[in-house]
Amino acid sequence: MSLNKQLPISELVPLFQEILDSGSNVNFTTKGTSMLPMLGDGVDTVVLTKPNGKLKKYDLPLFFLRGSNSYILHRVIKVKKDGTYVMCGDNRDICEINVTDRDIVAVVTAFSHKGKKYSVKDFRYKLYCRFWVGKKKLKWKYCSLKEKLYPYYRKFFKNE
């Protein structure tokens, strides 16, 4: 008899919160592609811990996204002055904004990728985070510049 049963995360979060409140960690297998290449759909696992104070840039929380009524595991890419967070998956270009501490369920402290275990304190992991967030910000700046220059491009080539 197999005890591996897939349940929607919305059914698991109350149990997660109970376990986290007792001081224990929660391990679960991720679902979805928003955190590729770091976390694969149905393959990799994360270790969740109750957050200890405010989140910092690069933290990887599980949070409730009120607009879509869903739970998401995305990286903090910015802590705003008002104390809210901007979150984005490594494999996404659109961010979730105005996420509050009230929305945070847990934070990843370790994960397993392709069978190998990593801590979020590992130097290689920290480099990875900075690389992906930096790459994302460069892409956004490039797209913004391209959008601003496009009218001049059209004007210049239209007159020929």
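A nonpolar core here is a set of buried Ala, Val, Leu, Ile, Met, Phe, Trp, Tyr and Cys residues joined through side-chain atoms within 4.5 Å. Buried means under 20% relative accessible area, exposed over 50%, and partly exposed in between (1.4 Å probe, protein chains only).

Ground rules: this is a predicted model, where local features need pLDDT of at least 70 and side-chain atom pairs count only at pLDDT 80 or more, while totals for chains, interfaces and linings use all residues. Residues are numbered from 1 along each chain as its sequence is written, and side-chain values use heavy atoms, with hydrogens and water left out.

**Core.** I found 26 residues in the largest nonpolar core, and Met 38, Leu 39, Val 46, Leu 48, Leu 60 and Leu 73 have the most contacts inside it. Among the elements that each supply at least two of its residues are helix H1 (9–21), strand S2 (45–49) and helix H2 (123–158). (Helices, H or I of at least four residues, and strands, E of at least two, are DSSP runs numbered from the N terminus.) H2 gives the largest share of this core, five residues.

**Asp 90.** I looked in the loop between S6 and strand S7 (96–99) and found Asp 90 there. Is Asp 90 buried or exposed? Asp 90 is buried, because its relative accessible area is 6%. Beyond four places in sequence, its contacts (heavy atoms within 4.5 Å) include Met 38, Tyr 128 and Trp 132. I also noted a polar contact of 2.9 Å between the side chains of Asp 90 and Arg 75; such a contact is a pair of N or O atoms within 3.5 Å, and within protein one must be able to donate a hydrogen and the other to accept it, with residues adjacent in sequence counting only if both atoms are side-chain atoms.
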